[in-house]
Amino acid sequence: MNIILLGPPGAGKGTQAKRLEKQHGLTQISTGDMLRAEVAAGSEIGKEAKAIMEKGQFVPDPVIVAMIRNRITQPDCKRGFILDGFPRTESQAEALDQMLAPLGLTIDAVILLEVAEDELVDRIANRVTADGTRRPDDEPEVVRSRLDVYRRQTAPILPYYEKAGRLKRVNGMKSVEEVGAEIDALLQASGEK
């Protein structure tokens, strides 16, 4: 089973991906986590990504597509994967389908976590990392910039998946448990086990 989780920054994609990973034995692929690892490692991609992310912008397609292609071919993805943070644009969605086809893979479900933006800004501004700090890209003005970029760049891919009958919508403002139950019901109704 291969799943894409969509929604604006802070909608809960990472939380739901981790839950689905445990429940179904899938591998979560978070482009945000992969990029943060590159930043922490101080790699060239990491340095470029850090400057872009701190401004609330998205990393360019070629960098993300190359990272995803390499990750999907790892042995731990054989049972399936959950994409969190990718694709963000219609060109990435098309590139993903083109990347998967020769591997005999498809995306089984695309789940959109819908949220109220003002509440989301408050939610993100109050979250902290494991060490009790706040990520620089969680500052309210950066969050608003990220939401604006999401509306302009990512939201337009929804018709791509809707037309293919793969898009499923979930109210992302509910509790983690309620959102998870709604996702599970959608996957079950779609015949995904």
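Modeller: Residues are numbered from 1 along each chain as its sequence is written, and side-chain values use heavy atoms, leaving out hydrogens and water. As this is a predicted model, local features need pLDDT of at least 70 and side-chain atom pairs count only at pLDDT 80 or more, while totals for chains, interfaces and linings use all residues.

Biologist: Is Gly 12 buried, partly exposed or exposed?

Modeller: UniProt, in an unreviewed entry, lists Gly 12 under "binding site"; such annotations may be inferred rather than shown by experiment. Gly 12 sits in the loop between β1 (2–6) and α1 (13–24), where helices (H or I, at least four residues) and strands (E, at least two) are DSSP runs numbered from the N terminus. Buried means under 20% relative accessible area, exposed over 50%, and partly exposed in between (1.4 Å probe, protein chains only). With 22% relative accessibility, Gly 12 is therefore partly exposed.

Biologist: Which residues does Gly 12 touch, not counting residues up to four places away in sequence?

Modeller: Contact here means heavy atoms within 4.5 Å. With residues up to four places away in sequence not counted, Gly 12 touches Leu 113 and Arg 123.

Biologist: How are α1 and α9 oriented to each other?

Modeller: Their axes, lines fitted to C-alpha atoms over the stretch in contact, are compared by angles from 0 to 180 degrees between N-to-C directions. The axes of α1 and α9 (residues 176–189) come within 10 Å and cross at roughly 55 degrees. Angles under 35 degrees count as roughly parallel, over 145 as roughly antiparallel, 65 to 115 as roughly perpendicular and the rest as oblique. So α1 and α9 are oblique.

Biologist: Which residues of α1 make the contact with α9?

Modeller: On the α9 side, the contact involves Val 176, Val 179, Gly 180, Ile 183, Asp 184 and Leu 187. On the α1 side are Thr 15, Gln 16, Arg 19, Leu 20 and Gln 23.

Biologist: What is the relative accessibility of Gln 92?

Modeller: Gln 92 counts as buried, because its relative accessibility is 3%.
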